[in-house]
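This report goes through one protein chain, from its overall make-up to single side chains. The sequence and the coordinates come before the discussion.

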Amino acid sequence: PQDGSVPKVARRINRKSEDPVQAAALRRIHDKLRNEAELLKLHLKHYHMTLDSFKKRTSQLKIPKEIYDLYDEDVKRCPHCAAVPPQPSRSTLSGLRALNFGDLIFVDHGEVSVDGIKFIFLIVYDAATCLLDVFPQKSFLPEETIPKIREWMGNHNCCPKNICGDEQFHLKEFLKFYTFNDIKPVSLGPYTPWPNRAETAVRLFKKQFKIMLSDVHSDPSLKDVTVREIGRKATWARNNSLTYGGK
C-alpha cells in the first residue's frame with residue numbers, strides 16, 4: 001500500500017516464519033541484560049569490554065538500544081576504564097603480503113635485559129620468505145641503524161622496494177636514505193602495533209635470544225662468546241624452524 005502499512009498477508013507470513021523458541025530465548029536474554037548488575041559482571045568478565053566490542057559480539061541478539069545505553073553508563077562509571085586509556089587499534093597493514101624476496105621488509109629494534117645488562121639489536125624480516133636477519137647494536141640511533149640496513153642489502157644483494165616500520169624508522173635521516181635508494185617507506189603511525197606475522201617473529205626471536213644469553217651468562221666456559229655470535233645462532237635457529245604457515 002502507498003500509505004506504508006504492512007498488508008495482512010505479509011504480517012501472517014512474518015508471524016509464521018518466526019521461531020517461537022528463538023524468540024523466547026531472545027526475550028530471556030534481553031530481560032537479563034536489563035539488570036545493571038548483570039551488565040557490570042559482563043563488562044568485568046570480558047576484561048573491561050568496550051561498548052563497540054559489546055555491540056559487535058551481540059550483533060545477532062537484536063538487543064534494543066536501551067540496553068546498550070545502560071552498558072555505556074557502566075563503562076563510563078568503571079574506575080579502571082577511566083584511569084587506563086583504551087589500547088591502540090590493531091594495524092590496518094596486517095594483511096600486507098609480498099611475492100618476491102625484497103618486495104617488502106619489516107624493520108624493528110629489539111631490546112633484551114639479562115642481569116641488568118641491556119642488549120639492543122636490529123631485526124630485518126622479509127615478508128615473502130619469512131627470512132629473519134639480526135644485527136646487534138649499541139644504540140637506537142639512525143647513524144648506527146642505517147649501516148646495518150646497508151649491510152643487509154649487501155649480504156643479500158638486494159635493495160628492498162618497501163620498508164615497514166614504526167615512527168622511529170621515519171626520522172629525517174631514514175627518509176633521506178630511503179629516497180636515495182628508491183625505497184618506499186610504509187608508515188604505521190605512532191603507538192601502532194606491528195602486523196601480526198612480523199610481530200610474532202620478533203617476539204619469538206627475543207624469547208630465544210634471551211634464553212641463549214642467560215645460558216651463556218651462567219656458563220663460565222662460554223665467557224668469550226660475543227653477543228654477535230649468540231645473535232647469529234639464535235637467527236639460525238629461527239630461520240630453520242617451520243613457521244605456522246609452513247614456510
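## Overall make-up

The model is predicted. The chain contains 10 helices and 5 strands. Of its 247 residues, 34% count as buried.

Contacts between residues at least 6 apart in sequence give a view of how the chain is connected: 57% of them join residues at least 24 apart.

## Nonpolar cores

In soluble globular proteins, nonpolar side chains tend to be buried together. In this model the largest nonpolar core has 25 residues. The residues with the most contacts inside this core are F121, I123, F205, F209 and L213. Two or more residues come from each of the strands β1 (105-114), β2 (117-126) and β3 (132-137) and from the helices α9 (196-218) and α10 (227-239). Helix α9 gives the most, with 6 residues.

F205 is found in helix α9. Is F205 buried or exposed? Its relative accessibility is 1%, so F205 counts as buried, the limit being under 20%.

Which residues does F205 touch, leaving aside neighbours within four places in sequence? The contacts of F205 are F121, I123, L132, V134, G231, A234 and T235. For one of these, G231, the separation from F205 is 26 residues in sequence and 9.4 Å in space, C-alpha to C-alpha.

## Aromatic pairs

A pair of aromatic rings is described by the distance of the centres and the angle of the planes. The structure holds 7 such pairs. One of them is formed by F106 and Y125, with 6.2 Å centre to centre and 35° between the planes, a tilted arrangement. Because F106 lies in strand β1 and Y125 in strand β2, this pair ties together parts that are 19 residues apart in sequence. Both partners are buried: F106 has a relative accessible area of 1%, and Y125 has one of 3%.

F177 and Y178 form another tilted pair, with 5.9 Å between centres and 55° between the planes. Both F177 and Y178 are buried. Ring pairs also link these two with F169 and F174, so that F169, F174, F177 and Y178 form a cluster.

## Polar and charged details

S139 lies in the loop between β3 and α7 (142-156). Its side chain is joined to that of E144 by a polar contact of 2.9 Å. Not counting residues up to four places away in sequence, S139 touches I120 and E144.

Where does K55 lie relative to the ring of Y68? K55 is placed over the face of Y68, at 5.7 Å from the ring centre.

Terms used
Residues numbered from 1 in each chain as written. Predicted model: local features only at pLDDT ≥ 70, side-chain atom pairs only at ≥ 80, totals over all residues. Heavy atoms only, no water. Core = buried A, V, L, I, M, F, W, Y, C linked by side-chain atoms within 4.5 Å. Buried < 20%, exposed > 50% of the residue type's maximum accessible area, 1.4 Å probe, protein only. Helix = DSSP H or I, 4+ residues; strand = E, 2+ residues; numbered from the N terminus. Contact = heavy atoms within 4.5 Å. Phe/Tyr/Trp six-rings, centres within 6.5 Å; stacked < 30°, edge-to-face > 60°. Lys NZ or Arg CZ within 6 Å of the ring centre and 35° of its normal. Polar contact = N/O pair within 3.5 Å; in protein donor to acceptor, adjacent residues only side chain to side chain.
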